[in-house]
Amino acid sequence: MKYEKLLPELSMYEAARANVAGRKVNVAVSFYGKKYSFEEVFRLIDLLADNLAAEFSLKKGDTITLCAPNSPQALLAFYAANKLGVKVNLVHPYIPPEKLAESIERTGSRLLFVYDLYKGDASFFNVPVLVSNCGYFMGGAARIYYRLTNKRTMKGGLAFEKYLKDKGAPRTSPVRFGMEEPAVYLASGGTTGEPKIIAHNNFVFNNLCGKADEFLSEPLERYTALYNVLPIFHGFGLCINMHMCMMMRATNIMCIKFNARMSAKQIIREKANILTGVPTMFLKLLGEKTFTEGDLSNLKDVYVGGDSVPDSLVREFNAALSAGGSTAKMYIGYGLTETVTVCLVNTLRHNCPSSIGYPLSNTEVRIYKDGARLPAGEVGEIYLHTDQFMLGYLGEEHAPFAEEDGKKWLKTGDYGWLNEDGFLFFKQRIKNMIKVSGVPVYPSEIEEAVLAVPGVKKACAVGKDDAVRGQVVKLFVEIDESADEHALSAEIQKVCREKLIAYAVPRQIVFRGKLPVNLIGKIDRKKLEEEK
């Protein structure tokens with residue numbers, strides 16, 4: 001993509017505007033039967049930026065929180081804020097109101113963007129709330145279907161779409177961030193499984209998109225469309241899906257919520273060249289005849305990550321691609337939110353079965369155990385050195401970095417090993433974080449919610465392997481002797497549904513008179529994980 005044409009200090013808005021690839025693809029966004037050109041998308045971004053600056057006095061250094069699924073509104077809000085020099089705090093669209101308010105406060109956000117199906121009340125938040133109508137940018141038939149099958153659950157707030165009108169506000173100019181200034185906040189489990197907010201600058205996103213020719217199987221000019229189901233609160237969805245489409249001038253085929261049949265139709269009808277997703281999504285596509293019996297000849301690359309990927313999934317999906325007339329292969333990658341997203345990936349040029357990838361440029365991998373570097377073939381903690389590092393964890397001075405040989409290394413909290421050719425193999429997570437359908441779930445948050453239930457003395461949430469979701473939550477609970485297990489189970493489920501995202505609600509609850517503890521008196525999580 002000739003990234004050298006871009007200055008390191010460019011904002012993501014400026015990098016998208018630059019069209020460094022020099023491509024002539026006209027359609028920027030395809031959204032349920034309606035298409036929008038790059039010219040129209042940038043016109044709306046600029047109008048929105050003008051209106052936000054005029055009506056809310058947004059300026060460099062401010063922060064907004066964006067809580068929305070994949071939609072044109074989310075894209076417009078992100079780039080409008082970035083143009084103004086405003087940081088964007090991206091959160092899961094299913095986050096409970098209490099957690100959303102906490103995130104707004106922690107990041108010092110001055111404005112909240114949320115969508116019409118969010119279950120909340122604008123009066124609950126201490127900032128102005130703009131509410132988008134997800135059906136607004138859809139084609140006529142899809143808009144009618146959306147209105148008939150979905151009822152607005154967000155109460156109050158200001159209509160987002162009115163800020164896309166020309167109100168005669170003063171025109172704004174792009175504002176640049178310093179290399180040490182955050183542009184994006186992303187939620188993560190950190191390297192220990194505890195909830196963190198990660199700060200990234202613009203450079204790491206522009207830089208990673210500039211590496212597209214390293215992982216794409218064919219020359220850039222042969223790619224015209226990407227099917228985008230990964231949400232933008234996820235580093236991969238934000239960077240490789242949304243921002244790369246903007247930078248490389250490819251059509252972003254947006255999907256609000258994955259549905260195997262509908263997604264298969266969109267992928268085939270709109271001739272997507274790239275698919276990205278988590279194992280759950282691809283397993284469901286394999287069970288959908290519209291996909292497995294359809295014309296897949298336009299697909300060139302398929303990327304999977306975000307969770308453990310069974311070898312059987314890769315084999316079966318590659319067979320389905322071949323049967324559908326595609327030359328594409330499924331490639332596994334590895335990365336962390338601390339590195340934006342993927343920094344190792346299998347490609348056409350560098351591919352090793354069962355591995356989780358080969359380093360992209362300016363990325364190195366080492367394996368350490370007890371402070372000593374291990375040779376190829378030996379299992380230890382994965383250390384990464386890359387040009388995609390986060391600025392740090394918001395509100396925390398310490399980050400999981402180490403200095404070795406004059407270089408900065410990220411201690412990932414994951415176990416793995418390298419082969420002689422430099423491919424990385426994943427062994428297990430050191431951290432406690434659970435990934436359900438690729439979505440990070442934090443045991444500490446589940447346990448905190450459950451411990452507030454009367455009758456619960458102790459709680460420990462672990463991940464249980466699941467053929468469809470990768471993992472689900474299994475909850476171990478120590479209870480009072482007088483407690484009624486049936487009633488307590490119902491109350492725990494009720495509390496979890498109210499306070500946690502759906503992925504964190506336990507699929508199995510096991511009651512114990514006593515939970516095992518280790519030598520220092522803490523719950524023996526490892527022992528409980530072995531029982532799963």
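## Strand S19 and its neighbours

In which sense do strand S17 (residues 364-369) and S19 pair, and over how many bridges? In this predicted model, the two strands pair in the antiparallel sense, over 5 bridges. One place to look is Glu 364, whose bridge partner in S19 is His 385.

S19 also pairs with strand S22 (residues 407-418), again in the antiparallel sense, here over 4 bridges. Strand S19 itself, residues 380-385, is mostly covered: 6 of its 6 residues are buried.

## A salt bridge across the sequence

Side chains of opposite charge can pair when their charged atoms come close. The count for this model comes to 24 salt bridges. One of them joins Glu 9 and Arg 176, with the closest N and O atoms 3.7 Å apart. Glu 9 lies in the segment before helix H1 (12-18) and Arg 176 in the loop between strands S7 (158-159) and S8 (184-188), so this pair ties together parts that are 167 residues apart in sequence. Glu 9 is partly exposed, at 33% relative accessibility, and Arg 176 is partly exposed too, at 36%.

## Two further pairs and a network

Arg 171 forms a salt bridge with Asp 166, and their closest N and O atoms are 3.3 Å apart. Both of these residues are exposed.

Asp 466 and Arg 469 form another salt bridge, with a closest N and O separation of 3.8 Å. Asp 466 counts as partly exposed at 24% relative accessibility, as does Arg 469 at 27%. Elsewhere, salt bridges that share partners join Glu 9, Glu 14 and Arg 176 into one network.

How values were computed
Residues numbered from 1 in each chain as written. Predicted model: local features only at pLDDT ≥ 70, side-chain atom pairs only at ≥ 80, totals over all residues. Heavy atoms only, no water. Buried < 20%, exposed > 50% of the residue type's maximum accessible area, 1.4 Å probe, protein only. Pairing = 2+ DSSP bridges. Salt bridge = Lys/Arg side-chain N within 4 Å of Asp/Glu carboxyl O.
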